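I opened this entry to keep track of what I looked up, one item at a time. The coordinates come first, then my notes.

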Amino acid sequence: YRKTKHQFLEAFAESGDGLAKDALKKCQEVEKKIEKTRKQNKTETKRYFVLEFKGDLQASKVKQLREEITAVLNVANIDDEIILQLESPGGAVADYGLAATQLARIREKGIQLTVCVDKVAASGGYLMACLANKLIAAPFAYIGSIGVVMQLPNFHNLLKKCAVDIVEITAGQHKRPLSMLGENTLEGKNHMQDKMQAIHEQFKDHVAKYRPSLALDKVATGDYWTATYAKDLDLIDEIEASDSYIQRAIRDGDVYAVKTAQKPSLKEMLLGKMQSIFYKLLHSREIG
């Protein structure tokens, strides 16, 4: 309607009609005010960025996670939300510490971080998951395992039976407190126990920073629980599968799946080629 009126007044103003020129000027002023009000009241659609992390013992996907988070942080603002679908039973301390640091970048930017766990977030996996502003998990997902473990096989007795002598020379009192081949002393075992305890304390401090309401003495025992019980312990916030949460996000705003293109390794390419050849042979036999 306003557009038609504007065009009508423009036609008369061009013909030299003074009244039409004045009316056109007033019409333009009104339109500017309306446009200004519209822009002020306009609410932008919320954006959700969905990332995925499936962890192994070395958290080998951390490089991919780092690149994806960097890409999202370049475009996201504090009104957006990042959803991480996380699955990990834990692994190496340094690797999962680095993965958790990547999630800390999101928190530092003030952007909402929601972590969804459908199967497991234990040990290093929970080290990452606890950074979430909102942590949700499917009812039977394994949660927790706030603890540290180290295993080392020792072949000393076997080698001794075989009359094999191992010579190991070190410099520094604690250069190698435990050995796979030599005889391990009580002093060396106690030293490594102290180191494991120090890492455990750091793990607990990290969890306490992001989930201050947790009763750490009760949950930081190395034990784990299904999500249903983990919620009662305040290890998570809500019980829900990631699919349901993301479906609600789709209804609420714009959802973007963020994935970094990865060049397959030589091993993956060879395996893929072998599977393809096997499939063709099998398929040709079925046809024949």
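**Loop residues with positive phi**

I started with Ala163, which sits in the loop between α6 (156-161) and α7. The model is predicted, and I kept that in mind for every entry below. I read the phi of Ala163 as near 60°, a positive value in a residue other than glycine. I noted this because most residues other than glycine have a negative phi. Is Ala163 buried or exposed? With a relative accessible area of 70%, Ala163 is exposed, since the cut-off for that class is over 50%.

I then looked up Asp234, whose place is in the loop between α9 (227-232) and β7 (238-239). Phi of Asp234 is near 70°, again a positive value in a residue other than glycine. The relative accessible area of Asp234 is 25%, so I filed Asp234 as partly exposed.

I also listed Gly110, which comes just after α4 and takes a positive phi of about 75°.

**Confidence and overall content**

I checked pLDDT before going further. The chain has a mean pLDDT of 86, and 77% of its residues reach 70 or more. Residues 1-5 have pLDDT below 50, and beyond near neighbours in sequence I found two contacts for this stretch in the model. Residues 282-288 are also below 50, and beyond near neighbours in sequence that stretch has zero contacts in the model. Where pLDDT is low, the predicted coordinates should not be read in detail.

Of its 288 residues, 34% are buried. Among contacts with a separation of 6 or more, 70% are between residues 24 or more positions apart.

I looked at α4 next. This helix has 16 residues and reaches 22 Å from its first C-alpha to its last, close to the 22 Å expected at 1.5 Å a residue. Which residues of α4 are buried? I listed Tyr96, Ala99, Ala100, Gln102, Leu103, Ala104 and Ile106. What covers these buried residues includes β1 (47-54), α3, β2 (81-88), β3 (112-122), α5 (124-129) and α7.

I took α3 from that cover for a separate look. Two packed helices are described by the angle between their axes and the distance between the axes. The axes of α3 (residues 62-73) and α4 (residues 93-108) come within 10 Å and cross at roughly 5°. That angle makes α3 roughly parallel to α4, because angles under 35 degrees count as such. On the α3 side I listed Val62, Leu65, Arg66, Ile69, Thr70 and Leu73, which meet Leu98, Ala99, Gln102, Leu103, Arg105 and Ile106 in α4. I sorted the contact of α3 with α4 by class and got eight nonpolar, two polar and two charged residues.

**Glu81 in β2**

Strand β2 holds Glu81. Its relative accessibility is 4%, so Glu81 counts as buried. What is Glu81 in contact with, leaving aside its neighbours within four places in sequence? I found Lys46, Arg47, Tyr48, Phe49, Ile111, Gln112, Thr114 and Tyr245. For Glu81 and Tyr48, 33 residues apart in sequence, I noted a C-alpha to C-alpha separation of 4.9 Å.

I picked Lys189, His191 and Ala208 from helix α7.

Lys189 has a relative accessible area of 48% and is partly exposed. Leaving aside neighbours within four places in sequence, Lys189 is in contact with Leu178 and Asn184. I also recorded the C-alpha separation of Lys189 and Pro177, which is 7.0 Å for twelve residues in sequence.

His191 comes out at 19% relative accessibility; the cut-off for buried is under 20%, so His191 counts as buried. Apart from neighbours within four places in sequence, I found His191 in contact with His174 and Pro177.

Ala208 lies in α7, which spans residues 186-210. I noted Ala208 as partly exposed, with a relative accessible area of 28%. The C-alpha atoms of Ala208 and Cys130 are separated by 9.1 Å, and the two residues are 78 apart along the chain.

Notes: Residues numbered from 1 in each chain as written. Predicted model: local features only at pLDDT ≥ 70, side-chain atom pairs only at ≥ 80, totals over all residues. Heavy atoms only, no water. Helix = DSSP H or I, 4+ residues; strand = E, 2+ residues; numbered from the N terminus. Buried < 20%, exposed > 50% of the residue type's maximum accessible area, 1.4 Å probe, protein only. Axes fitted to C-alpha atoms, helices over the stretch in contact; angles between N-to-C directions. Parallel < 35°, antiparallel > 145°, perpendicular 65-115°, else oblique. Contact = heavy atoms within 4.5 Å. Nonpolar A, V, L, I, M, F, W, Y, C, P; charged D, E, K, R; others polar. Expected span 1.5 Å × (residues − 1). pLDDT = per-residue confidence, 0-100.
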